[in-house]
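Dear colleague,

Please find below the structure that I am handing over to you. My notes on what was found in it follow directly after.

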Amino acid sequence: MIDLYYAPTPNGYKITLFLEEVGMPYTIHPININTGEQFKPEFLAISPNNKIPAIVDHQPADGGEPVSVFESGAILLYLANKTGQLLSKSLRERTEQLQWLFWQVAGFGPMLGQNHHFNRYAPEVVPYAINRYVEESKRLYKVLNTQLEKTAYLGGDEYSIADIATYPWAKCYEHQKIDLQDYPAVAKWLDKVRQRPATQAAYKDA
Ligand SMILES: N[C@@H](CCC(=O)N[C@@H](CS)C(=O)NCC(=O)O)C(=O)O
């Protein structure tokens, strides 16, 4: 059984997408990041960077004490290793998938996070910051589109944790001032991922 410390945000959805995809049972522990629950000592013991998502695996592969993991990329990698699913075993395909997973957690996610902040939540309008992050978002969507023109999924022919990490952020393109007509391969891929039963299940209450 996996305990998932979660809020319904793009980073949170990454983990429910994975768990629904592999059919692994999990218990959601909601963390209200708007009221500061992420700073409570019991949550910081699991997630010292005070951010969701985080998990605790009560049945780790080595049979030892429960394992806790924070950072969505590390969680996806941990769960892919645990289940043997959604990360290729072939050296070349696995490397491709991991490359795009790291692209998402190091670039696409943080830049779109700043885009959301300055476009939607900032208490003042900062034109320089809005322009900077919208332009960087457009660059990243172009990179994504170029890759998806070549392969069905981000890391090749198979759906993987790279797609799972990227989908919840790309799904919010409207909030990011992104016109999907400029990125037709992304639009097609978003549709394909949206139709997966696991995606429907992960977003059923959203
Ligand atoms: N690099 C982290 C980012 C996680 C993150 O930004 N989580 C946000 C919600 S999407 C959060 O918990 N924010 C609360 C806070 O910053 O205090 C990951 O990929 O897990």
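In the charge count used here, Lys and Arg are positive and Asp and Glu negative, while His and the chain ends are not counted; each charge is placed at NZ of Lys, CZ of Arg, CG of Asp or CD of Glu. On that basis the chain carries 20 positive and 23 negative charges, and their mean positions lie 4 Å apart.

The model is predicted: local features need pLDDT of at least 70, side-chain atom pairs count only at pLDDT 80 or more, and totals for chains, interfaces and linings use all residues. Residues are numbered from 1 along each chain as its sequence is written, and side-chain values use heavy atoms, without hydrogens and water.

The chain has 8 helices and 4 strands (DSSP runs, with H or I of at least four residues for helices and E of at least two for strands, numbered from the N terminus). Their order from the N terminus is β-α-β-α-β-β-α-α-α-α-α-α. The C-alpha atoms fill a box of roughly 50 × 45 × 30 Å along the principal axes.

Of the 206 residues in the chain, 46% are buried (under 20% relative accessible area, with a 1.4 Å probe and protein chains only). Beyond its neighbours within four places in sequence, Gln147 is in contact (heavy atoms within 4.5 Å) with Glu96, Trp100 and Leu154.

With kind regards

Key: Buried < 20%, exposed > 50% of the residue type's maximum accessible area, 1.4 Å probe, protein only.
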